[in-house]
Amino acid sequence: MGRAPRVAAALAISLLVPMPAAGCSRFFGCAPRPPEDITMSNLAGVYTSSEGESIELTENGHYSASNLSPKATGQSEEGTWTLDLDSETTEDLRLDDRQVWISGDREEPWLYRFEGDPDRCDLIEFHRNR
């Protein structure tokens, strides 16, 4: 099979099989994977980004956050968060309707979200405060 038919076949498959956010990023390796054995208790704590964003996760599934987007400077929100490590192509953690991913290990987890298109691999990292 020549190069042109292979490219056409790959393009056709990519159009038929949509990849949710972070799907391609994880496939191509720029989105770190979460630790397999992490729990809600391991994740509890306050995380901040270098952009001034903040997320606090509690063990009972409540979160509070501030400045989570450039338009939200000085704004805060709160709600419930859920953990879903079984998903291969979507977020690991959901803050109500916001997608967040996990990396690191059980002792020092860190969170991240994508700035813009996940396929560009621009990550905003949140590290836990000590």
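This is a predicted model: local features need pLDDT of at least 70, side-chain atom pairs count only at pLDDT 80 or more; totals for chains, interfaces and linings use all residues.

Reply: Residues are numbered from 1 along each chain as its sequence is written, and side-chain values use heavy atoms, with hydrogens and water left out.

The setting first. The chain has 3 helices and 8 strands, which run α-α-α-β-β-β-β-β-β-β-β from the N terminus. Helices (H or I, at least four residues) and strands (E, at least two) are DSSP runs, numbered from the N terminus. Of the chain's 130 residues, 32% count as buried; buried means under 20% relative accessible area, exposed over 50%, and partly exposed in between, with a 1.4 Å probe and protein chains only. The chain exposes about 7,800 Å², 52% of it supplied by carbon and sulfur atoms. Such areas come from the Shrake-Rupley method with a 1.4 Å probe, and for residues only the protein chains shown count as cover. Contact means heavy atoms within 4.5 Å. Among contacts between residues at least 6 apart in sequence, 45% join residues at least 24 apart.

Strand β6 covers residues 98-104. Arg98 forms a salt bridge with Glu77, with 3.1 Å between the closest N and O atoms. This pair links distant parts of the chain, since Arg98 is in β6 and Glu77 in strand β4 (residues 76-83), 21 residues apart. A salt bridge is a side-chain nitrogen of Lys or Arg within 4 Å of a carboxyl oxygen of Asp or Glu, and the structure holds 4 of them. Why does Arg98 count as partly exposed? Because its relative accessibility is 26%; Glu77, at 27%, counts as partly exposed too.

Arg98 also belongs to the lining of the largest pocket. That lining has 13 residues, and Arg98, Gln99, Trp101, Arg113 and Phe114 lie nearest the pocket's centre. The pocket holds about 180 Å³ of space. On a 1 Å grid over the protein atoms alone, a pocket is an open set of points where a 1.4 Å probe fits, with protein on both sides within 12 Å along at least five of seven lines, and lining residues have an atom within 4 Å of a point. Points are joined across faces, edges and corners, and the volume is the space filled by probe spheres set on them. The lining divides into 9 nonpolar, 2 polar and 2 charged residues; Ala, Val, Leu, Ile, Met, Phe, Trp, Tyr, Cys and Pro count as nonpolar, Asp, Glu, Lys and Arg as charged, and the others, Gly among them, as polar.

Arg113, another of the residues nearest the pocket's centre, counts as buried because its relative accessibility is 13%. Its side chain meets that of Glu115 in a salt bridge (3.4 Å, N to O). Salt bridges with shared partners join Glu53, Arg113 and Glu115 into one network. Glu115 is partly exposed, at 34%.

Ser103 also lies in β6 and is buried, with a relative accessible area of 7%. Beyond its neighbours within four places in sequence, Ser103 is in contact with Pro32, Arg33, Pro34, Pro35, Glu108, Pro109, Trp110 and Tyr112. Glu125, in strand β8 (residues 123-128), is 22 residues from Ser103 in sequence and 9.6 Å from it in space, C-alpha to C-alpha. With neighbours within four places again left aside, the contacts of Glu125 include Trp110 and Tyr112. Glu125 is partly exposed, at 35% relative accessibility.

Asp96, in the loop between β5 (93-95) and β6, has a positive phi of about 50° although it is not a glycine; it is partly exposed, at 37%. Arg106 is partly exposed at 34%, as is Asp37 at 45%.
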